[in-house]
Protein chains: 2
Amino acid sequence: MAVLISLDIGGTSIRAASYPLIGEEPVQHFKSTTSTPGETVFDRVCQSIRQVSPTGSEIKAIGVATAGPLDPHTGFIFDAPNIPGWKDFPLGERLQQEFHVPVVVENDANMAAYGEWKFGAGVGHHDLLYLTISTGIGAGVISSDVLISGCRGLGAELGHVTVIPDGPLCSCGKRGHLEAISSGPAIVSYYLQLLKEGGKSTPLNNVLLSARDVSLAAQAGDLLARKAFQYAGSHLGLALAGFIHIFNPSIIILGGGVSQSGVLLTDPMMERMRLEVMEPNYLKDLQVLPSKLGDDAGLVGILAFTRQTLS
Amino acid sequence: MAVLISLDIGGTSIRAASYPLIGEEPVQHFKSTTSTPGETVFDRVCQSIRQVSPTGSEIKAIGVATAGPLDPHTGFIFDAPNIPGWKDFPLGERLQQEFHVPVVVENDANMAAYGEWKFGAGVGHHDLLYLTISTGIGAGVISSDVLISGCRGLGAELGHVTVIPDGPLCSCGKRGHLEAISSGPAIVSYYLQLLKEGGKSTPLNNVLLSARDVSLAAQAGDLLARKAFQYAGSHLGLALAGFIHIFNPSIIILGGGVSQSGVLLTDPMMERMRLEVMEPNYLKDLQVLPSKLGDDAGLVGILAFTRQTLS
């Protein structure tokens, strides 16, 4: 059989799936961690592709949604701060050399936005914001039915907008970006900072503390952990108000692991967002919803985008 | 003769011009202040239209570029903070009742962006940011050849994005927006604040101090006045870096009276912008240019937009 391969490469995990030429039901689906000892991320990507290719199948094309910034025209990764070794990495070219089929590379969050717009929570909307909050904060924007991309495909990096000037260091090397304040690692950092400053908390004994650990502690009533989510959520709401003034969307979709902490994050976010929006008309008809496709948004997004690009 | 009327209504002045059905050379052009004692702004608008209508001419349509936020579908002004009395004001309807011709209403900065894109500094670009810095900070964005508008036409309000959380009060009622830090009145406020804090300056004796007064003092070497422009320019550059991450434009066009202060504003702006952009590829091929059409950008923008809308 002939298949299309979709990949979604994030800072934490790689998802791969094979699809028939028509339809969104995967033939095979595979997930693994992004970093594996003794193996490059590119090797892991190639293995994932083979893993989901049914025996005797013919790969027609590969679509890759991956962490950027990248050039979607050439599939060249400029500098993916969350993926080890991917600085000036010609991903599109390398995959083409390996598999000898057309390769489409796009920003992972753009493709998750595209997936939600085509098949998920955003169906029927013309102005959509999508944010994925996990290791980093990625985003994708549809404005008047057009994917915001920019002249070099580097647009829609809503996670890299300054929220607190001279604030915490971001993975990109700059300071005070939304990603440095409201992403998973940022929540952990802020929690640890509060602890260090003498804040009282149920001791969290995990050596590798994750945002999920902080989230569980907060759900169990730990006030310091709650404060960390309050801080992240409130600043996320402040940033959203700015994005609302910029894009006037009819829907904001939240994906990513951290957004699964639910009201811990979204209550302070919504409160601050409503407070900071300058004119009530921006909020009329505005929906704020969780991702419908969850972790598979990027996979079906790049699938639809690859089909459209190669059609 | 048959004419199209264009109006550009800002916080400081109203511009009006009549144009032939084809071509961008005005038949008549008129400018006046927006607020006149004993007269509503709407009366002033109607008078301006009559002023530029040649004797015996037939008005075919009226296009109005005005301060928002507004609903471009109905010509309803929600709340224009810089125009006295325009809150929940049905401008489109009122003009239609008065002149009995089709009326197109759009955001003034959007139309200045549109004008620069069609006829000015932005010709040939596909991804363009336009900012006008004067009484307020307005903006218009073209992304992939599409005017960013949003589901209710309220988008592209780049002047109302938070730059300093809990910062100075903005004309819109919220705090720390770009407009509250880098607009003309904001520069004056910051200068006065520095004076009040004991800063040494050549005394500026004007009762109604304007950003132009501060600019002239800075050009004459006054260090406090320079500091005020440095502050406004640097924060403008910080905000631009965020907009660059969001839109990845190939050109940024600066209009408005305050931007005519030149390097006083643009030197600290460019320095901060370059410092805050996370990835050098955003800056490759990025042009930052002054408005080519100057104060007439909005007039020819709404002219082109009206023609397109009614064609």
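How far apart do the C-alpha centres of domain 1 of chain A and domain 2 of chain A lie? In this predicted model, chain A is divided into domain 1, which is made up of residues 2-112 together with 295-310, and domain 2, which covers residues 123-291. The C-alpha centres of these two domains of chain A lie 26 Å apart.

The contact between the domains involves 15 residues of domain 1 of chain A and 18 residues of domain 2 of chain A. On the side of domain 1 that touches domain 2, the elements that give two or more residues are strand E5 (70-71) and helix H3 (108-119) of chain A, and of the elements on this side H3(A) gives the most, with 4 residues. By class, the residues of domain 1 of chain A on the side that touches domain 2 of chain A divide into 7 nonpolar, 6 polar and 2 charged.

A further set of contacts is found between the chains, where 39 residues of chain A are in contact with 39 residues of chain B. On the side of chain A that touches chain B, at least two residues each are supplied by strand E6 (76-79) and by helix H7 (223-247) of chain A, and the largest share of this side, 5 residues, comes from H7(A). The side of chain A that touches chain B comprises 18 nonpolar, 14 polar and 7 charged residues.

Notes:
Residues numbered from 1 in each chain as written. Chains lettered and ligands numbered in written order. Predicted model: local features only at pLDDT ≥ 70, side-chain atom pairs only at ≥ 80, totals over all residues. Domains from an automatic or database assignment. Contact = placed C-beta atoms within 7 Å. Nonpolar A, V, L, I, M, F, W, Y, C, P; charged D, E, K, R; others polar.
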